[in-house]
Amino acid sequence: MVNVRYPNGKEMLVSGPDERTLSRRELVKVGAAGAASVSVLSIPGLGRAASLGRLGAAREDVTRGGTLKFARSIAPTTLDPANTIIAGDIYTLDKIFEPLYITTVAGKLKPWLATGYTVSKDQKTFTFHLRPGVKFSNGKPLTAEDVVFSINRAAKDKQGPLSFLDFAITSLEAKGKSKVVAHLSSPWAPFISDISVFANAIMPANFGGKSQTEFFKNPVGTGPFTVKGFKPNASSLTLKRNPHYWQAGKPYINAVDFLFVDNDNQRLLQLRGGQVQAIDLVPPSQVASLKKDSKLHVGLYPSWQVDLLVLNEKLAKFADRNVRRAITHAIDRNALVHAASFGTAKPGGSFFPPSLQYYSAKTPTLAYSVSAAKASLAQSKFPKGFSTELLIDGGVQKWQTFAQIIQQQLKVIGINVTLRPLDHASFEQAFQKFDYEMFIDYAINDITDADEMASFEVDFQNGGSSSYWSSYDNPTAINLVRQAEAEFNPAKRKALYAQIQSIVAQDAPFVPLDYPPYIYAMSKKLQGFNVNPGGAYRLEGVWLT
Amino acid sequence: MSAVAVDTVLSVRDVTVSVLRGDVRHTAVDAVSFDVPAGRALGLVGESGSGKSLTLRALMSLLPPAARLEAGSVHLAGDELPRGVKQVRRALRGRMAMIFQDPLSALDPVQTVGNQIAEVPRRVHGRSRRQSWERAVELLRLVGIPDAPRRAHAYPHELSGGMRQRVVIAIALATEPSVLLCDEPTTALDVTVQAQVLELLDDLRSRLQLAIVFVSHDLAVIRQLCEDVCVMYTGRLVETGRTIEVLERPLHPYTLGLLDAIIDLDDPVGAPQPIPGALPELERLPGGCTFHPRCFLATEECTTTVPELAPARGAAPDRASACIHRDRLISP
Amino acid sequence: MLRYTARRLAAAFFVAFGVTVATFLLLHLAPGDPARVVLGERASPQALAALRHQWGLDSSLGSQFTRYLDGLAHGNLGTSFINKTSTSSLIRDRIGVSAALVALATVFAVIITVPLASFAAVRKDRAADHIVRALSVAGIGFPAFWFGIVLIEVFALRVHAFPVGGWGSSTETHLRSLVLPALTAAFAIVPILVRSLRVGMIEVFNADFVATLRSKGLGERRVLAHVMRNALIPTLTLLGINVAYLIGSTVVIERVFDLNGLGSLLLTAISQRDFPVVQSVTLVLAIGVVIVNFLTDVIAAELDPRIRLE
Amino acid sequence: MTSVDITAAIDAAPVPTPTFWRRARASRSLMIGVAIVGLIVLAAILAPVISPYPPDQQDLYHILGGISSKHLLGTDDLGRDELSRLIYGARTDILVGVLAIVFPFCFGTMMGTIAGYYGGRIDSVIMRVVDVVIAFPFYVLVIALVFVVGPGIRGIFVAFAVADWVVYARAIRSATLVVRESNYVAAAQAGGLSDARILRRHVLPNTIAQAIVYAMSDIVLVIVAVVTLGYLGLGVQPPTADWGSMISAGQDYLTTNWMLSTLPGIAVVITGLGLSLIGDGLADVLRPE
């Protein structure tokens, strides 16, 4: 489970109501109504091999050209896919480099630089067929050797935050120009999903002969856009159209001007003032007022994010299952969602978000009921209640609101909560050292495969975070997670994950509070813009009327 | 009141000034009149608070915010000065100038003395920068400042008290006045420098035929500089006349009291007798003759009738005293 | 004058050293680990340790500090942990924004203070004087960022006279985007300056030499000019202190108007625990304050002959 | 020619100087200031009595409600009564404002007096330290300290303790330098009094006035700083009601519920007005005629 996020400080101090801590997948949602459906239209006379196949054909009913001015909250610090997990970097470099597979807006895997793959009987060898005719932005054709170089680089660089994703790969080899063979140490169902992660994006072998630093100043990729003279942490960045892009006729727009505005209020004002045409991270409180503006459009996109209240089972009071169940019963998630997210988010139930693969709607969750909460507390070793401390990231208005609601609702059943707000870096260090009693944060899936969330939050031993720092250790659940990882049959995997979700719902190691959407706002002149549940948005399919 | 003498430069008639104390207006200067011919110096003497410097400021319309000119007219070489502050100031240009008591605070601390003098020809008479500077150096030489061209570049705090007072006089002369009003210019100076400044003023009076009105509380300074003198008490003129006569044979008990209060070097044995009682406050002036509570001649009548400034029997025509028993003082 | 400058330079060096030590201690006392900021939650302890070693954070505080000083001596401000570029390049790109903001704010402060204070002083105790005094007294209690937000709402959104924020691309747009932030920053110090200048002018108006000026036959406008020059001197030192305060407040102003100056860079760096950047930007800002104080004293000596720079 | 000075001979009767309290009552700005601040402090003390709801009582289904009979000034983003939070906000901010300047006032005055009185090496050492603290741009120092100590009231106290004393030190030092030269201090020294007694009985009474006057506007600056830290998310932490966090929380609803952010803003301005008027009044009353 790659719920890796870390503060890009810029974000943190803004006191806007929306969450400021940036996950690896910053929440970026745009409300373009129609999905950028890619219709098959081979365009005669463009002198391109007609064999481009169904994907990537351009639409006729669009106006071309123009520059999209886009205000984002985080400035990129590097464009090296293998060496970052900051959202500000991810959503910039995923316009320049592309992986073999990508995640669609509906949250499914789609062949991209690869047209497909074949798997050996022992499911340990995958052979990818590369899409013919794809060129890098410097005109050189994409070869298998580039793919081997790029993925090996991501896997080998121990300092790379996502290198563990490729742990299953023992070796990669190019077969001719258009085939790549990957040997795995053991059957690993999420492999294709892992390959779709941005860290495994493809770049020319040996950086096309340039030094690494030089290469990432003027990166060369197969993506729809290119960048010249990249400067980290600048106030703006311009992406120019890649003339050699393999989807003929795309991108429709000539350039993207990213402006980095970390203050929520400023982004909103620049949109309303017409200085920019789209903004990210719109605070839920502003959705209502923005909808009234006839010139603007607000989009709410389902995400793979779950906001969690995590209980520290190293402490006796939270090792007690009845206490955890009492707390889950005591929190009115409907009221919380209504007040804190202005109805934009859905109340929490299973620890999987509804948009995630294998989410089970029939999970037996512990509904809000003060009487059940009191009853459960009575059965626990702390019938008269106790006082405890809730650790939150002080810089984010949303968590302050959540904390005050939970504080009020737990007081009703005799649990007195004091708040302990810290600045992001200290907050992060505290819970990762288990120096907390309860803490609020969010978990997010970054790839289509459900294993990421399941192993990270349930697999106590090698999930990587001692079950999201709750120290929840349920051997049956862990066993189910491991089975699911090696199970290729979708029906069986679905049943396994349904079981896991119900066990966790009953054990209540943490309380899923809500499933917040990505919220974007943009001028109605911008069409065809959309975001996948992982938070990424592709810009080759958008146009300006 | 004596008719206006033919060569009078400054003629002051019934100047009355009121001062606001709390929210009540009191008369601080009560119908003061005097004339000053060209080339002569008139002394205005009285204790502090007698309204003498207020009278002077009234003439220049430099009254402090709390004070107001109630009545009176001022004629300068025949033509009457307008009442409004702005109009008076323009009318006074090149006619009447004033110098003050504390030389340091009378000069702008952040400007060279040369500039402060040159500003008058430059701004008021529209001379060129070079001409104005030369005029300034010339005036500095006129008022007796050694090495004038270099000293012109000095700042006020770099000069001595006496030197600074000379600069103030130079500034006044720059306006080429015919009348020079002096508000105790030598009080802040030590004795030796005081004498030099008085000599300078006397010299300027005769050489430039200036009419000078010199306010002071020091009878000795008045005797040295002024041919005529007026004695003021609580805003009123109580005695006028030629200085020598007034000091020899005072016709008003207050003037007599002033003379007895000073140490007479010729009669070291006679101890000075200070005038009994204290100077009454403006808010609580006694009725009739305001000096009666402290006056050895005071009779019942003095407490009711306001004495008129009139000549005494047998004294010279320009001698006058505001005391109904003035005749009793004439006989030695 | 040279001797004075040398003495002030020595004092400035001491102050810079003091600020460097203070920042270094503050950073190392604060919880939060920059390695974790870069590598995120999932990072393995070995990766964290390796990165910390690469940055030299595992060596003793003493040796880290001497290494920083040694780098400083050679003009190398170290590399930013987060942005993987040299701190000096980060500072070079942004110092212009903050310097322009502080300079323009100072200009606005003077342009607003001088007429307001003289307007009140000349009409002492009349209606105008009371209004100005009430405004300046209320102004002190007014959070500057709040005034900024109101300015944006009115002048940027409704009147479209100025951009809502950002720095713009050409010098023309740079200037236009600086107006509202500079006004907001100026507004934070104008109340204090108006009160000081007004009192100063009233005191000078009562001085005797004003009577001399008037008796010289000068017009009221010339008299006002003389009075102003005298009254400005005490207020000037107050302006110096407040410009130093302004440099500190760029942190907030740049946040409200999304200006990419040293202030916002510092705010980000502190929360990211980007030690080299925090260390160097604080030093640059402190040197800015020292320079402003030095200039104030020199200008004061120029204006007032009585002050000798011993 | 003998110089004659009549005035010295006739001594005018001394006019009785009105006592401090009579002049205090006479100063209009002091009275208005005391009235305003008095009212606010009174409201803060009587908060439990006069505010219609407990400040942190939430009503999640009636958030951002406008003015209504139940809520005279509407409700905030958690459905809490805005009027009650305003009143309790007074209690927090004035308490924080006053307490936050106690240490700087005392420590700064002490340091200023010692530096001013003894001069020499002690003076230059203290002044160098003051220069360092002043060179540290104020908000940078406060923010860095709040990071070290953690947000919330504790952080604010430490931050001001370290950052704010220098202003008092400089003011008192210059005042002490003036008083030290005066002849009554020289007389006291000649009289063999110990330094401590001289400082307490002669120096401080004459210099403390300036510190008190500055303290008034300093409280305002502290409240404004707390409000600004609130805006940066580092101020008084929830659920305590405080004007700063109310302004910053309300700022997102400027277009829909402008009152949420404006009312606490006005409260800060009025408190500032009251305190500054007191400062002004004290300055007039304490300034020697």
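This is a predicted model: local features need pLDDT of at least 70, side-chain atom pairs count only at pLDDT 80 or more; totals for chains, interfaces and linings use all residues.
Good morning, colleagues. Chain A and chain B, by contrast, do not touch, and their nearest C-alpha atoms lie 48 Å apart.

Let us turn to the pair formed by chains A and C. Here, 36 residues of chain C are in contact with 37 residues of chain A. Which helices of chain C supply at least two residues each to this side? They are α2 (34-39), α3 (45-55), α7 (144-158), α10 (220-257) and α11 (262-272). The most is given by α11(C), which contributes five residues. Sorted by class, the residues on the side of chain C that touches chain A comprise 18 nonpolar, ten polar and eight charged.

Helix α6 (residues 127-140) of chain C and helix α12 (residues 259-286) of chain D have axes that come within 7 Å and cross at roughly 115 degrees. The crossing of α6(C) and α12(D) is right-handed. On the α6(C) side, the contact is made by Val137(C), Ala138(C) and Ile140(C). On the α12(D) side, Val269(D), Gly272(D), Leu273(D), Ser276(D) and Leu277(D) take part. What classes of residue does the contact of α6(C) with α12(D) have? Six are nonpolar and two are polar, with no charged residues.

Thank you for your attention.

Terms used:
Residues are numbered from 1 along each chain as its sequence is written. Chains are lettered from A and ligands numbered from 1 in the order in which they are written. Axes are lines fitted to C-alpha atoms, for helices over the stretch in contact, and angles run from 0 to 180 degrees between N-to-C directions. Helices (H or I, at least four residues) and strands (E, at least two) are DSSP runs, numbered from the N terminus. A crossing is left-handed if the near helix is turned anticlockwise from the far one by less than a right angle, and right-handed if clockwise. Two residues are in contact if their C-beta atoms, placed from the backbone, lie within 7 Å. Ala, Val, Leu, Ile, Met, Phe, Trp, Tyr, Cys and Pro count as nonpolar, Asp, Glu, Lys and Arg as charged, and the others, Gly among them, as polar.
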